[in-house]
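Trainee: Could we go through this model together, strand by strand? I'd like to learn how to read it.

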Amino acid sequence: MSWSLLLLAMGLLVLGCERRMVGEGTGPAMSGEGVEGTVVKSDAEWRKELTPEQYAVLREKGTERPFTGEYDHTFERGTYVCAACGNELFTSDTKFNSGCGWPAFYAAKAGDRVKLTQDYSHGMSRVEVTCARCGSHLGHIFNDAPDQPTGQRYCINSVSLKFIPAPR
Ligand SMILES: [Zn+2]
């Protein structure tokens, strides 16, 4: 009994270290910038609540394989919320078919719903998009959509989102 407790404690310590290391790469974790009810949970809690696929993308900044996501070709009317915390992030009004293999939006539902952070990982210079409420990784934003009203493309993982159809 005590042996298994010790193992559990060691596991938690390891998880804690990983979390700090991830945090270091993304700059100061400024929370609560105009966002109501910031959600802070431990990695163990997220692991329990999310599927392994969701955890890998939302909490470990993974990327789902292109053209495999549930919402790549969803164009019904509705709202896309954060799969981790339910924060309303995007609406179907700004979704477009970019052909890149991931859901694309030209704007967030409101500027303060997402947080943009410079990301130099994988030898690239990109701007990471995270949920402003819970800090989960959503995808990246690119200035390569000149035919869209903002010229911007939010390239978002389906697994980071949950679609809520508009009431009929
Ligand atoms: Zn969230």
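This is a predicted model: local features need pLDDT of at least 70, side-chain atom pairs count only at pLDDT 80 or more; totals for chains, interfaces and linings use all residues.

Trainee: In which sense do S1 and S2 pair, parallel or antiparallel?

Mentor: Residues are numbered from 1 along each chain as its sequence is written. Strands are DSSP runs of E with at least two residues, helices are runs of H or I with at least four, and both are numbered from the N terminus; two strands pair if DSSP finds at least two bridges between them. S1 and S2 share three bridges, and their sense is antiparallel.

Trainee: Which residue stands opposite Phe90 of S2?

Mentor: Phe90 lies in strand S2, residues 88-91. Strand S1 covers residues 78-82, and the residue opposite Phe90 is Tyr80.

Trainee: Which residue in S9 is the bridge partner of Tyr80?

Mentor: S1 also pairs with strand S9 (residues 161-165), antiparallel and over five bridges. In S9, the partner of Tyr80 is Phe163.

Trainee: Is Phe90 buried or exposed?

Mentor: A residue is buried if 20 or more other C-beta atoms lie within 10 Å of its own, exposed if 12 or fewer, and partly exposed in between, with C-beta atoms placed from the backbone. Phe90 has 27 C-beta neighbours inside 10 Å, so Phe90 counts as buried.

Trainee: Which residue is 19 residues apart from Phe90 in sequence and 4.6 Å apart in space, C-alpha to C-alpha?

Mentor: Two residues are in contact if their C-beta atoms, placed from the backbone, lie within 7 Å. Beyond four places in sequence, Phe90 has contacts that include Lys95, Phe105 and Ala108. The residue at that C-alpha separation is Lys109.

Trainee: Which strands stand at the edges of the open sheet?

Mentor: Six strands form that sheet, antiparallel, in the order S3-S4-S8-S7-S6-S5. Each edge strand has a single partner, so one side of each is left without a neighbour in the sheet; the two are S3 (95-96) and S5 (114-119).

Trainee: Over which residues does pLDDT stay under 50?

Mentor: pLDDT is the predictor's confidence in each residue, from 0 to 100. The protein chain averages 85, and 79% of the residues score at least 70. The stretch under 50, for which the model has 14 contacts beyond four places in sequence, is residues 12-34.
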